[in-house]
Amino acid sequence: MINKSSFLDQTGPRIFTIPSGEDFQIVLAKGILAAIKESSDPFALHDTIVLTPTRRSVSSLSAAFLQLTGDNKALLLPQILPIGDVDADEPPFVAGHIPLDIAPEISANARVFSLARIVMHRAKISEQPVSLTAALAEASTIANLLDTAAHEGIDDFSFATEEFQTFLQEQPQHIQNAARFLEIINIYWPQELRDLGLIDPALRRSKMLDALSDQWTKNPTHKNVIAAGSTGSQKATANLLQVVSALPNGCVVLPGLDQDLDDKAWEQVARTPGHPQFGMSKLLRRLSATRDTVRQWPQVSVDLGLKRRRRIINEALTPADITSDWLDRLANIGKTFKMSTEQLMHDALDGLALIEAETQDEEALVIALAIRETLEHPTKTAMLVTPDRALARRVRAALQRWSIDIDDSAGVPLSEDPTGIYIRLVLDLWADPADPAILLALLVHPLTGLGKNRKEILPLIRKMEITFFRGIRKHQDLSNLIEIIQKSDHKNKQQIADLLQNLNDVFQVNEISKKAGFSEFASLHAQVVENLATTETLSGAQVLWRGKGGEMASSLFRSLIEDSQPIEEISFDEYARCFKVFAEQVSVRPQQPKGGRIRILGPLEARQQSADLILLGGLDEGVWPAITKANPFLSRNLIKQMNLPDPELRLGLSAHDFCELACKQQVIMTRAARRDGAPTIASRWIWRLNTLTDAAIGDVARKELLCPNTDYLKIARAIWKIEQFHPAEQPEPKPPVSQRPKELSVTRIKVLIRNPFAIYGQKVLGLYALDAVGKAPGASERGTAIHRALELWAEQPVAGTLEQNADKLSQLIIQQLLLAGFDQADMAIEASVARRIAKAYLQWEQQRKQDGFALVAAEKKGSLNLILENGQNITISATSDRIDRFGTMWAVVDYKTGGAPSSNEVLAGWDPQLPLTGAIIYGGGFAKHKIKSGEITELSHLKLSGGEKTLDHKVIKLGKAGFSSIQELVEVELDRVTELFETFNDPNTPYLCQPRSKFTDDYSDYDHLARRAEWSAINDGEG
């Protein structure tokens, strides 16, 4: 037995407290070890039962015992058991025969699916059916309400029905529709549980704790029982604590009871659910105890610095009704410690710091720097506590700067784990077979085996990516893609086709209908992902279900298959949406926590944990504390009348966690002034502390006082600050003349004029931009399709009426649009545009014939040789959209489906396509197409937009620049082009990137290669 002269040597109820700021587990373990030190019973420690609120507390208390005994001695630890406190999603310990007397619990997923079925049934009766996704969301809310009620010992909602109906009569219709939840929890759900022979999980936990309380009341255990760290926020837990406190060998150890708060403030605490001590006040009343009867736990060393910190932190969070005389209260606290208010604040806040970063990234870097500095000391530990998972991820990423890996106990959602990503990709490809981006992502995923060796299939995947996945998608499904590959001239086409056929075969197994049961979908989904993971040597199961991610994925599939039986028929889309929701809710935690000197914990996990440096991150209102959400079913009045806990109680529990941590020896609090670009408000706790401190010593002194010893914010900004900015200079490549292009099309000559660097990248370096994977067709593809349709139209005989021909031409355009990669669904819009273009074009062509023009060539290529001063030959070429004959003269027409250049641009030489095409005609470059050298009567652009002005024929007007004839324009343009080639035939002429700000190459793929965004921003000259 434990030495009776210790903490058990007093009359009951035996209630102790370990003040905030103390290392709870170490102090608790010290007290227990000191009590058994003189015992002759070697099993005295093992015969002690310690009840803790969470499983993490079990492991940390075990570690504390081992740390205190040291010297690698063998030790029989106490029986440390979790009882499951608020928000802890874990069952209490199992005691003796008690579980046999209580019905088993329904699993979490089985409950939500069963509730969802009832919700859908009630909605159908109300003639307002809901989707499974919406039903599951409502079911989850109902399940949470049932758990909350169970924690408060409420298992009957029927008495609220009349009041609830009265309340609903004055509410909007959508609120009234929520009334069905009452029928569910009063009638349908209890009957469902009776039929299954099960009970709600939270209710079962409460029953087990109540049964244990009854057992220990009737037959007190002979063992020593210590309930430590629980706030008794659940009724069954509070009842058990009351029983333990009265056991002959039992006691309760409360975390952070404020015994120094004056009686007036303490009375107000009992009416303020959001106060950190509200839970303690409520528990003491349940235990029939007062603060005066609570003693400090033995082994608590009185540290005056920490005691002053506790007084200031608790005072900062004093109920608002008491703060009217804050300065007087501070003065009284100072008198207690025999010091002035200013001395009190400086002493109390020593070791506490506040860093207010500008952004979340800056906040993460500040925290990472503090952790990095802590690790410089060989034995010191650090702990980041935050409910903000995004901040935790940012900190982990920031620490990678120094190759520091950190144990994040919350892990990652299954949907972000490699196994979960693979499973989701299979689901996405199932929804859209052969989507190029999804297909490529799935093929390159390391878990995809397809029955082969990964080293053999990766080279094939790289080859098929360039040829078949990049650019416009031309296939509708895997079978179509395989057919396209087999018809290609790719040298590895058969190997690639075989690989994709393996993939297609897996998806064709037990081809599923559009409607099926949820369980059937889940079962088939598991089968597909498993089959795809099969390699040359391992089965899919061996590959997929290993590791923590595989274990959690396997558990999820098993649960969905077994627990979703109530959902009989849904669509695949509904299954996919629901699966992703469930995957988000599953956490993949480290299989073997690193257990190093740094950790990231949530506020619940951090309870009763300690470290040399405590970092409290994300202290913004709405983040920590989180926003209190309104119950969608119950008003606050009904919540109160039904004895359900006030929603503000969670704020109180969260505030208690904050106080416990903020009272540690070394604490840095952090927040970000902006989140996702929007301004934030400091957490109410920070605001209260700042307000109190400002009133006591002024804001300037407060900022100095709460400044950390190391200016991490300054260091973080210095890391990101560029002391000396050395931007890349504008590139001026000067390749040898022998490597410079000797042949250019007229469209590339336009690029040479506007953006020479693009010609250098393409023609000299031989670099071409890769298309995006599964690129969506756009304006360029639409224009190409229309050009091709008009080319084909010119090659076939025209017969029929205008309306008939318009139908034929529009069908031709639609056919080319589909070949260009547009989807059939796009044709709802494209068909009407195509019809307008076809009719307008045919009307224009009809008028053209009446005016004496006749089409001679469409999409024909011609070329012309130029001789430079050094005798070198330069070839220019053009593919003309349309060349017409007008008597003995020619007319050049260029189709435009987008913007067309103005006459001024053409005449000034900035867009030389039409004049140079004319020059090729003059030079006989189109002779093979029966276009002899001769005079040109017209150069024009035919704009076919399909918009409000479907067709616009723009003829180049010579008079604007003083040209007397097209021949003169052509001669001038030839001189310009010859001069241009002479210039670039000089080895000292560089190929500059976009040298003119007004006349640029708007569709260049080479600006990034030239790093134009970097140097052009500070260039004062042109460009």
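User: In which sense do strand 25 and strand 26 pair, and over how many bridges?

Analyst: This is a predicted model. Strand 25 covers residues 936–944 and strand 26 covers residues 951–955. They form a hairpin with six residues between them. The pairing is antiparallel, over five bridges.

User: Which residue in the turn of that hairpin has a positive phi?

Analyst: Most residues other than glycine have a negative phi. The residue in this turn with a positive phi, about 75 degrees, is a glycine. It is Gly946.

User: Which residue of strand 26 is the bridge partner of Lys943, and which stands opposite His941?

Analyst: Both partners belong to strand 26, which pairs with strand 25 in the antiparallel sense. Lys943 has Asp952 as its bridge partner. Opposite His941 stands Lys954.

User: Where does Glu859 lie, and what is its phi?

Analyst: Glu859 is in the loop between strand 20 and strand 21 (860–867). Most residues other than glycine have a negative phi. Glu859 is not a glycine, yet its phi is positive, at about 55 degrees.

User: Which two residues does a cis peptide bond join, with omega of about 10 degrees?

Analyst: Most peptide bonds are trans. The bond, with omega of about 10 degrees, joins Trp624 and Pro625.

User: Why are helix 12 and helix 28 called roughly perpendicular?

Analyst: Helix 12 (residues 304–316) and helix 28 (residues 684–697) pack with their axes 8 Å apart. Angles from 65 to 115 degrees count as roughly perpendicular. The two helices fall in that class because the angle between them is about 110 degrees.

User: What is the make-up of the contact of helix 12 with helix 28 by residue class?

Analyst: From helix 12 the contact takes in Ile312, Ile313, Glu315 and Ala316. These meet Arg688, Leu689 and Leu692 in helix 28. By class, the contact has five nonpolar, no polar and two charged residues.

User: Which elements do the buried residues of helix 11 pack against?

Analyst: Helix 11 spans residues 278–286, and its buried residues are Phe278, Gly279, Met280, Ser281, Leu283 and Leu284. After the helix comes Ser288, with a positive phi near 55 degrees. The buried residues pack against helix 9 (235–246), strand 5 (250–255), helix 10 (263–269) and helix 27 (648–662).

User: Is Thr17 buried or exposed, and which backbone nitrogen does its side chain reach?

Analyst: Thr17 is in strand 1 (residues 15–18). Its relative accessible area is 1%, so Thr17 is buried. Beyond its neighbours within four places in sequence, its contacts include Leu254, Pro255, Val294 and Trp297. At 3.2 Å, the side chain of Thr17 reaches the backbone nitrogen of Leu257.

User: Which residues does Gln25 touch, not counting those up to four places away in sequence?

Analyst: Gln25 lies in helix 1 (residues 24–36). Its relative accessibility is 3%, so Gln25 counts as buried. The residues touched are Ser57, Ser60, Leu61, Ala64, Gln608 and Gln609.

User: What separation do the C-alpha atoms of Gln815 and Val412 have?

Analyst: Gln815 lies in helix 34 (residues 802–819). At 43% relative accessibility, Gln815 counts as partly exposed. Gln815 and Val412 are 403 residues apart along the chain, and their C-alpha atoms are separated by 48 Å.

Terms used:
Residues numbered from 1 in each chain as written. Predicted model: local features only at pLDDT ≥ 70, side-chain atom pairs only at ≥ 80, totals over all residues. Heavy atoms only, no water. Helix = DSSP H or I, 4+ residues; strand = E, 2+ residues; numbered from the N terminus. Buried < 20%, exposed > 50% of the residue type's maximum accessible area, 1.4 Å probe, protein only. Contact = heavy atoms within 4.5 Å. Polar contact = N/O pair within 3.5 Å; in protein donor to acceptor, adjacent residues only side chain to side chain. Pairing = 2+ DSSP bridges. Axes fitted to C-alpha atoms, helices over the stretch in contact; angles between N-to-C directions. Parallel < 35°, antiparallel > 145°, perpendicular 65-115°, else oblique. Nonpolar A, V, L, I, M, F, W, Y, C, P; charged D, E, K, R; others polar.
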